[in-house]
Amino acid sequence: MNKGLLLEIPYGTRDFLPKDAKVKREIESKLAKNFSLWGYDEIVTPTIEYVDTLTINNRSGIETHLFKFFDKNNKTVALRHEMTTPIARVAASRMSDDILPYNFLILVMYIVMNRHKKVVNVNFIKLA
């Protein structure tokens with residue numbers, strides 16, 4: 001290994017080395033367990049979504065701030081920038097026959113670009 005070589009990561013992101021990764025995972029596990037006891041069920045959605053889904057009814061111009069690329073069928077996809085839309089998609093398309101209300105716990109990381117066009121890595125806990 002070349003000790004003089006330092007490969008950088010994008011601004012606003014970070015690596016979790018073993019000690020920090022372990023602490024992060026322990027905290028997430030404790031939170032998930034506690035919220036489960038209070039009736040919340042964890043839900044996990046894909047890190048990417050179709051741009052059409054992420055921008056539905058969005059007039060604020062969010063599409064220019066998304067990290068976009070193409071899937072194998074040349075359809076535009078993007079990294080999720082928030083969790084409301086993916087959760088609404090799941091609830092409407094996959095859980096419409098379930099008994100309401102839903103109590104979701106979402107432990108996720110997502111990527112956004114702030115208004116200064118800098119990347120921000122957000123580790124997020126959401127209750128929905």
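Glu28 counts as buried in this predicted model, because its relative accessibility is 16%, and the cut-off for buried is under 20%. Arg25 counts as exposed, at 54% relative accessibility. Both residues belong to helix 1, which covers residues 18-37. They stand 3 residues apart there, so about one helical turn separates them.

**Salt bridges**

Side chains of opposite charge can pair when their charged atoms come close. How many salt bridges does the count come to? The count comes to 5 salt bridges. The table gives three of them, including the pair already described.

| Salt bridge | N to O distance |
|---|---|
| Glu63 and Lys68 | 3.6 Å |
| Arg14 and Asp20 | 3.8 Å |

In the bridge between Glu63 and Lys68, the value refers to the closest N and O atoms. Glu63 counts as partly exposed, with a relative accessibility of 36%. Lys68 is also partly exposed, at 40%. Salt bridges with shared partners also join residues into a network, made up of Lys24, Arg25 and Glu28.

**Aromatic rings**

A pair of aromatic rings is described by the distance of the centres and the angle of the planes. The count comes to 3 aromatic pairs. One of them is formed by Phe35 and Trp38, whose ring centres are 5.1 Å apart. Their planes make an angle of 85°, and the pair is edge-to-face. Phe35 counts as buried, at 13% relative accessibility, whereas Trp38 counts as exposed, at 60%.

Phe35 also pairs with Tyr40. This pair is edge-to-face too, with 5.7 Å from centre to centre and 85° between the planes. Why is the arrangement of Phe35 and Tyr40 called edge-to-face? The angle of 85° between the planes is over 60 degrees, and therefore the pair falls in the edge-to-face class. Tyr40 is partly exposed, and its relative accessible area is 21%. Through these ring pairs, Phe35, Trp38 and Tyr40 are linked into a cluster.

**Charges over rings**

Which ring face does Lys24 lie over? Lys24 lies over the face of Phe16, and the distance from the ring centre is 5.3 Å. Lys24 is also a member of the salt-bridge network with Arg25 and Glu28. Lys75 lies over the face of Tyr50, at 4.2 Å from the centre of that ring.

**A loop residue**

Where is Ser96 placed? Ser96 is in the loop between helix 3 (84-94) and strand 5 (104-113). It counts as exposed, because its relative accessibility is 52% and the cut-off for exposed is over 50%. When neighbours within four places in sequence are left aside, Ser96 is in contact with Ala91 and Tyr102.

Conventions:
Residues numbered from 1 in each chain as written. Predicted model: local features only at pLDDT ≥ 70, side-chain atom pairs only at ≥ 80, totals over all residues. Heavy atoms only, no water. Salt bridge = Lys/Arg side-chain N within 4 Å of Asp/Glu carboxyl O. Helix = DSSP H or I, 4+ residues; strand = E, 2+ residues; numbered from the N terminus. Buried < 20%, exposed > 50% of the residue type's maximum accessible area, 1.4 Å probe, protein only. Contact = heavy atoms within 4.5 Å. Phe/Tyr/Trp six-rings, centres within 6.5 Å; stacked < 30°, edge-to-face > 60°. Lys NZ or Arg CZ within 6 Å of the ring centre and 35° of its normal.
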